[in-house]
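Please look at the sequence and the model first.

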Amino acid sequence: MTAPMGYQAYQQNTVNSKAASASPQELVVMLCDAFLDNLDRIEGQIEEKDFERKGETVKRCIDILAGLDINLDMENGGQLAQDLHNLYDHMRVRLHQISLKNDVSGLQEIRDIMTNLRDGWQGLGSLPESA
């Protein structure tokens, strides 16, 4: 069941307001949260055999990964940027595999990776500026 259109518009306005005032770290955390929410949806959509919606949700996850990846500073980010790029690429490939096989068993691996990344970014946001 989907939320009424008015509620969806309200949610989108709330997200847009938060994003407009967020720091770069907070934006990354918001993207990670959206990714994790969509992973939960994918799991339900596979279990319900709602393959059309699953495809749309997988695309949203891949778009989030692409947005995170494209904003990496590969020139100045060193090994960390390369490692993040590799993780994003790994998750993208795994999502494709899961989507093709309609197998929810691989979702936990992706969820664990993104949760660890999210927690790391959230921890960076809570550090004092002099750190």
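**Briefing: a pocket and its surroundings**

The second largest pocket has a lining of 17 residues, and Val28, Asn71, Leu72, Leu84 and Trp121 are the ones nearest its centre. The model is a predicted one: local features need pLDDT of at least 70 and side-chain atom pairs count only at pLDDT 80 or more, while totals for chains, interfaces and linings use all residues. Residues are numbered from 1 along each chain as its sequence is written, and side-chain values use heavy atoms, with hydrogens and water left out.

**Pocket**

- A pocket here is an open set of points on a 1 Å grid over the protein atoms alone, where a 1.4 Å probe fits, with protein on both sides within 12 Å along at least five of seven lines; lining residues have an atom within 4 Å of a point.
- The second largest pocket holds about 440 Å³ of space, a volume being the space filled by probe spheres set on the points.
- At least two lining residues come from each of α2 (24–47), α3 (51–70), α4 (78–101) and α5 (107–125).
- By type, the lining has 13 nonpolar, 3 polar and 1 charged residues. Ala, Val, Leu, Ile, Met, Phe, Trp, Tyr, Cys and Pro count as nonpolar, Asp, Glu, Lys and Arg as charged, and the others, Gly among them, as polar.

**Fold**

- The protein chain has 5 helices and 0 strands; helices (H or I, at least four residues) and strands (E, at least two) are DSSP runs, numbered from the N terminus.
- Of its 131 residues, 27% count as buried, meaning under 20% relative accessible area with a 1.4 Å probe, protein chains only.
- Among contacts with a separation of 6 or more, 59% join residues 24 or more positions apart; a contact means heavy atoms within 4.5 Å.

**Helix α4**

- The 24 residues of α4 reach 35 Å from first C-alpha to last, close to the 34 Å expected at 1.5 Å a residue, where the expected span is 1.5 Å times one less than the number of residues.
- Buried residues of α4 include Leu84, Tyr88 and Met91.

**Two buried residues**

- Ala22 sits in the loop between α1 (5–20) and α2, and counts as buried because its relative accessibility is 18%. Apart from neighbours within four places in sequence, Ala22 contacts Leu27 and Met30.
- Arg118, in helix α5, is buried because its relative accessible area is 16%. With neighbours within four places in sequence set aside, Arg118 contacts Val29, Cys32, Asp33 and Leu36.

Terms used: Buried means under 20% relative accessible area, exposed over 50%, partly exposed in between (1.4 Å probe, protein chains only).
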